[in-house]
Amino acid sequence: MRQVDARQKGPPGSAGAAAGLGGRRLAGVPEGDAVYLTARRLHAALAGRVLTRSDFRVPRFATADLSGQQVTETVSRGKHLLTRTDAGITVHTHLRMDGSWRVSPAAERATGGHRIRLILANDTWQAVGYLLGVVEILPTAAEQRAVGHLGPDLLGPDWDPAEAERRLRADPARPVGEALLDQRNLAGVGNIFAAEMLFLRGLSPWRPVGEVSDLRALVELGQRLLDANKDRAGIITTGVNRRSEETWVYGRAGRPCRRCGTPIRRAEQGAAGEERLRFWCPACQR
Ligand SMILES: [Zn+2]
């Protein structure tokens, strides 16, 4: 909670991957590191405080009212956010493509009304969720319904690389680029991390999982990359914190590979309707 602690009287600040932050985050869907950071900011604003207001702007829960309940914590599970209360209730949200959370002083008027999907407020802070892909209320005891399908969480307390490897291996013919993004295999990897992990291990996104000799090293690298990025707003895999130098291949189609100079390639991969852009160096990655 760097931002909150550093400015005792200031707001916890924008808590969304898409919420600006100097515009440094590479364009793309929020990945596990961004969701983790969002969870920490929501936790700092809400945990230990009684909700004075809840406003669910989704039809299914339009009449729900959690005011009077004390928030116990907000945690991330992969790319899902779970906000729990002392009444045994969990508010489950997911940023999906465009979602973000913003935390501001409770007295401030929330802007962007038509994009708001949920407001949770106490007498000090309000957390406003914009364009959230999922908003639902469920019993905390039934959270497995929402997140039980997820593979080991790269940033979770129960991170288990052997289990992640086992799940990946279960479908040996599947292209590794696709398998890495399946949250049932490991939770938290998105497009950017997948591209960078594969480059750093010299693996083509199209190589079948069964032909990757060291899957364990791949998933452990993923865990280290997410962990190294979890406290900052952008994603950096090169170690260079300068605009347009943050990644090895992601977002660099047509530009020379930082290692060998070959133009980086870009193509779509994935099942129909779920295609995602892949970036790779055809010389370094086989
Ligand atoms: Zn190369």
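R96 sits in the loop that joins β5 (89-94) to β6 (100-105), where strands are DSSP runs of E with at least two residues and helices are runs of H or I with at least four, numbered from the N terminus. This is a predicted model, in which local features need pLDDT of at least 70, side-chain atom pairs count only at pLDDT 80 or more, and totals for chains, interfaces and linings use all residues. Residues are numbered from 1 along each chain as its sequence is written, and side-chain values use heavy atoms, with hydrogens and water left out.

Although R96 is not a glycine, its phi is positive, at about 45°, and with a relative accessibility of 42% R96 counts as partly exposed (buried is under 20% relative accessible area, exposed over 50%, partly exposed in between, with a 1.4 Å probe and protein chains only). S244, also a residue other than glycine, has a positive phi near 70°; S244 belongs to the loop between α7 (215-229) and β10 (265-269) and is partly exposed at 41%.

## The second largest cavity

The model holds 2 cavities of 30 Å³ or more, a cavity being a set of points on a 1 Å grid over the protein atoms alone where a 1.4 Å probe fits but cannot get out, with lining residues having an atom within 4 Å of a point. The second largest cavity has a volume of about 30 Å³, the volume being the space filled by probe spheres set on the points, which are joined across faces, edges and corners.

Its lining includes G32, Y36, R77 and D153, and the elements that contribute two or more residues are α2 (32-46) and β3 (71-77).

Key:
1 Å grid on protein atoms, 1.4 Å probe; cavity = no way out; pocket = protein on both sides within 12 Å on 5 of 7 lines; lining within 4 Å.
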